[in-house]
Amino acid sequence: QKGGSIIARKLRLRRSARLMKSDPYTLYIALDGENKAKGSLYMDDEETFSHEHDGEYGVAEFSVSLGGNDGLIENKVALGPGWEDERAKDSLLAGRMIERIIIMGLKRSPKDIVANGSARVQFEYNATSNILVIKKPDVSALSDWSLRF
């Protein structure tokens, strides 16, 4: 994976793509020389052409910026007109959860990681491989959020 990129993947093995529809995402973040990365994820219903006809889609823009002793991972979402309805939002968010975030190239372990300003998040850091794994951050790819450390 190229430095400075973020890739979202669904990792559960299934017999068909239809069965993967509600599977959570894992974000793979490869930091560049300035400790930054960005990436995007396009989402629709994975079955119909409603994204073309009714504007039912969303685009997540992930970004990471790490400084000396602090860091920020955030997601900003743009929803198509068909997904802006508040009544449909809860079911959409539940099916687009992020299960894990893996950051490669991190030079030291954070002391603490906080989601959306309040909730502490579990993580593991491997100093040998410089990899940080954030476990179950309880955030959706279809909502705006931030993780600070």
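## The largest pocket

In this predicted model, the lining of the largest pocket comprises 4 nonpolar, 6 polar and 4 charged residues. The volume of this pocket is about 310 Å³, and of the 14 residues that line it, Gly67, Gly68, Asn69, Asp70 and Arg108 are the closest to its centre.

Lys10 lies in the loop that runs between strand 1 (5-9) and strand 2 (25-30). Its relative accessibility is 16%, so Lys10 counts as buried, given that buried means under 20% relative accessible area.

The side chain of Lys10 makes a polar contact with the side chain of Glu46, at 3.2 Å. When neighbours within four places in sequence are left aside, the residues in contact with Lys10 are Met20, Lys21, Asp23, Pro24, Tyr25 and Glu46.

## Aromatic pairs

A search of the whole structure finds 2 aromatic pairs. Tyr42 and Tyr57 form a stacked pair, with 6.0 Å from centre to centre and 25° between the planes. This pair links distant parts of the chain, since Tyr42 belongs to strand 3 (residues 36-43) and Tyr57 to the loop between helix 1 (50-53) and strand 4 (58-66), 15 residues apart. Tyr42 is partly exposed, with a relative accessible area of 43%, and Tyr57, at 27% relative accessibility, also counts as partly exposed.

Phe62 and Trp145 form a tilted pair, with 6.3 Å from centre to centre and 45° between the planes. Here too the pair links distant parts of the chain, with Phe62 in strand 4 and Trp145 in strand 11 (residues 145-148), 83 residues apart. Phe62 is buried at a relative accessible area of 4%, and Trp145 is buried with a relative accessible area of 4%.

Key. Residues are numbered from 1 along each chain as its sequence is written. This is a predicted model: local features need pLDDT of at least 70, side-chain atom pairs count only at pLDDT 80 or more; totals for chains, interfaces and linings use all residues. Side-chain values use heavy atoms; hydrogens and water are left out. On a 1 Å grid over the protein atoms alone, a cavity is a set of points where a 1.4 Å probe fits but cannot get out, and a pocket is an open set with protein on both sides within 12 Å along at least five of seven lines; lining residues have an atom within 4 Å of a point. Grid points are joined across faces, edges and corners, and a volume is the space filled by probe spheres set on the points. Ala, Val, Leu, Ile, Met, Phe, Trp, Tyr, Cys and Pro count as nonpolar, Asp, Glu, Lys and Arg as charged, and the others, Gly among them, as polar. Helices (H or I, at least four residues) and strands (E, at least two) are DSSP runs, numbered from the N terminus. Buried means under 20% relative accessible area, exposed over 50%, partly exposed in between (1.4 Å probe, protein chains only). A polar contact is a pair of N or O atoms within 3.5 Å; within protein, one must be able to donate a hydrogen and the other to accept it, and residues adjacent in sequence count only if both atoms are side-chain atoms. Contact means heavy atoms within 4.5 Å. Rings of Phe, Tyr and Trp (its six-membered ring) pair if their centres lie within 6.5 Å; planes under 30 degrees apart count as stacked, over 60 as edge-to-face and the rest as tilted.
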